[in-house]
Amino acid sequence: MASGEAVLSTRGLSKRFGSLEVTRDVSIDLPRGARHALIGPNGAGKTTLINLIAGDLKPDAGHVLLKGDDITGMATAARVRRGLTRTFQINTLFPALTPLEAVTLAVCEREGIATQFWRNLATHREAIDESHAILGQLALGDVATRPTRELAYGQQRLLEMALALATKPKVLLLDEPAAGVPKDESAMLFSVVAALPEEISVLFIEHDMDIVFAFASRIIVLAGGGVLIEDVPSVVASDPRVREVYLGSARHG
Amino acid sequence: MSNTTTTAIDPAAWIRRQSRWSALEVAFWLAALLPFYFFPTYLMLASQIAVAALFAISVDLILGYAGIVTLGHAMFFGIGAYTAGLLSAKAGWGEPISGLLIAGAMAGAVGFVVSFLIVRVQHLALIMVTLGLGLLTYELANAMSWLTGGTDGLRGIDIWPIFGLFRFDLWGYTAYSYTLAVLFLGFLAARRIVNSSFGLALRGIRENVRRMPAIGSPYRRHLQAIYTISAAIAGLAGGLLTQTTNTVALESLSFQRSADVVVMLILGGTGRLYGAVLGALVFLLVRDRLSGVNPQYWYFWIGLMLMVVVLFMPKGILGGLTRLAGRTKG
Amino acid sequence: MNANLVIVLFDGFAFGMLLFVLSVGLSVTLGLMNFINLAHGAFGMLGGYVAVTAMRQLGFPFLLALPTAFLAAALVSVVFERTLFRRLYRAGELNQVLFTIGLVFVSAAAATYVFGTGQQPIVLPDWLRGSVVVGELRFGVYRIFLIAMALAITALLVFGLERTRLGARIRAAVDNQRVAQGLGINVDRIFAVTFALGSGLAGLGGALAVEIVGLDPSFGFHYLVYVLIVVAVGGLGSVTGSFVGAALLGIGDVAGKYFVPEIGSFLIYLMLVAILLVRPLGLFGKR
């Protein structure tokens, strides 16, 4: 894959916590419309990599490029405004806000109208309608006006996604979007991912291999902080090193 | 999936309903007029309550809505008070409305500068920085006694009649009319702010500041904005106190005042504006009653009230009432 | 002028050591439990009143009054910790601040009720009075005693934290509560013991303070500000930090009030804000 087509690239990304090297010289490319899965045993550094790309952590070395621009030193919020958005593995929501309010907030921030303290929120009709449409898309229309903390767990996972979609991402980083969700519901979550517009590039972490093979166009395998292999699912599935990494980690618990 | 699950609710109408005036609110503000007819001897106290309520609203905006814990907000109250006082005592300008606006603008300007420091720190450091800045301002005013009058207070303030018509009378008719009007306007402004998209962003910060960058929010700028607005409103409250009492004491900058306003707010309930007004009302009424009995032990009751509120009524008097009302209804 | 400087440094350091004894307990409990206990100074006040009363009413000698103050503050604090404070560990900093400040108000009123608003005098034994003269310099004996006490306490604390089982557990719990719990450490008990020790030290500090700064019902409030500055500047959970912070504050305070009395306190607060802006976690803070 030529990096010229890539929407998102990392070059030699490295990070250590004390003596522990959690990300080791990671260089990956995400082309337009990608549906890439990021897999690897526990402790392989998957979430850390997402954190580094999203800007929640600063790398010790290496670069993050968005559409060819170096965004390594850019703050998280600025990356989001440029179209690089993530979701969280553990629900990171606004407990007392309703989904309608939370998603409307994200839309307002995107449109730069969240600073208009002199206008009643209800006058931002377009933002509210758009938010409601996003919630409807994710089957959250019925609970749109209930406080987030009262929502079922699966619905909260969907709201995670709704918040990310409200930023109109060009690149979407999904950290285990279906974590903790029963299998039938997780299929529903991923059908949402599959239905995303073609121009959005997606990088997702997922443990369920059935889902990975069903939705990923390419798979990146991380082990010990570095990229073990990156290829199409069929090649990854038959790679002996991948098997070894997973079995090895299983053996050690 | 698509649109089949979208229900018939009109989302914008629902949002609008959240900020609609209730009959109770209208009744509350009408009740604020009662002192004119029924308690004319308490108009000066009522005026002080209005000042304290406005100050408490300013703190509610940052503490209740944006989650910034402050123990030094008297800094802005005092700056407003001294600005209004110095305008008259040193510059000879006693026109109340322009003086009040200048007082608010001055406090807001200082608040804007301070906001750059405030957004840099969290938790204990934040509390300590607000506390430190408050104490620092107090000491500064004390040291600059050639300007502020030091511990003797600022004298020689003469406020002209409002609109050139209404003199500040001994009974406080003008004072209470004036402070109540400013309180109401300040409340309207605060109400509009918390019901705006910006108010929503503030609630987002309070609920989960970590998520804010991930939805692209420049939340530090939001915090700076509300801190500046809050400082300006506190300055207005301070200016009001000066203009209705014709004196500025060093006490207007004291830690005691910073602590009192937080106590009022907690007592009434945070994050709902009316809590600030109710808290100021209860605090000052009770103090007025108790100070006649034994002023030494006033803070015993305040302390006890605080402990009880924290342990048993985490949402303040107003929160407790709301819950009670909800229980009796259903 | 030079002689003045030496004496100011000496007095400032002695005052700093007093502040250290008053504050170090709060630093450790804050680092351990993340509980912002603004009533820490009130435990210091309690120690002061206990010491004064024990000496006046019960005829305790000064050296016996000190451990009595320690024990009284430790005991009372552990009762509060077990019954009330523990309910607030997860309640957020605002609730902790409010509740403990309420306690300060109540304790001040209680002290007024029992002892009145006047200053409580303390009569030191003869051997602690007077001063040692070196050349033209006069060093107060009591201040030398204070410094010696503080150094001994520092040594005990450092030794205790570094070398004993309890110390190791406290350090583990400060570093990471969940891991400590996983290692089978009873974090709850550690909390209670540490809280008692920290408040006991405050009580001891309160008793030691009477001679230097006096004792009245506003003590808990007045010294709260100093204590908080020491903790915030030194960094949470750091004995070394508290020591350095207290020494800096003590010297700064005495020097400021001596050389520039008009703006002495102003400089202290300015220093506080400046340090926290550059290092929000304090000079020795890790988290």
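This is a predicted model: local features need pLDDT of at least 70, side-chain atom pairs count only at pLDDT 80 or more; totals for chains, interfaces and linings use all residues.
Entry 1, chains A and B. I looked up the contacts between this pair and found 44 residues of chain A in contact with 35 residues of chain B. I then went through the elements of chain A: α2 (76–81), α3 (99–111) and α4 (125–137) each give two or more residues to the side that touches chain B. The most comes from α3(A), with eight residues. Sorted by class, this side of chain A holds 22 nonpolar, 13 polar and nine charged residues.

Entry 2, chains C and B. Here I found 31 residues of chain C in contact with 31 residues of chain B. On chain C, at least two residues each are supplied by α4 (93–115), α9 (219–234) and α11 (264–278). I noted that α4(C) gives the most to the side touching chain B, with 15 residues. The classes on this side of chain C are 24 nonpolar, four polar and three charged residues.

I checked Asp25(A), which is not a glycine, and its phi is positive, near 50°. I placed Asp25(A) in strand β2 (residues 20–26) of chain A. I put Asp25(A) down as partly exposed because it has 15 C-beta neighbours inside 10 Å.

I also checked Ala139(A), another residue other than glycine, where phi is positive and near 60°. Ala139(A) lies in the loop between α4 and α5 (153–165) of chain A. There are 18 other C-beta atoms within 10 Å, so I recorded Ala139(A) as partly exposed.

Notes
Residues are numbered from 1 along each chain as its sequence is written. Chains are lettered from A and ligands numbered from 1 in the order in which they are written. Two residues are in contact if their C-beta atoms, placed from the backbone, lie within 7 Å. Helices (H or I, at least four residues) and strands (E, at least two) are DSSP runs, numbered from the N terminus. Ala, Val, Leu, Ile, Met, Phe, Trp, Tyr, Cys and Pro count as nonpolar, Asp, Glu, Lys and Arg as charged, and the others, Gly among them, as polar. A residue is buried if 20 or more other C-beta atoms lie within 10 Å of its own, exposed if 12 or fewer, and partly exposed in between; C-beta atoms are placed from the backbone.
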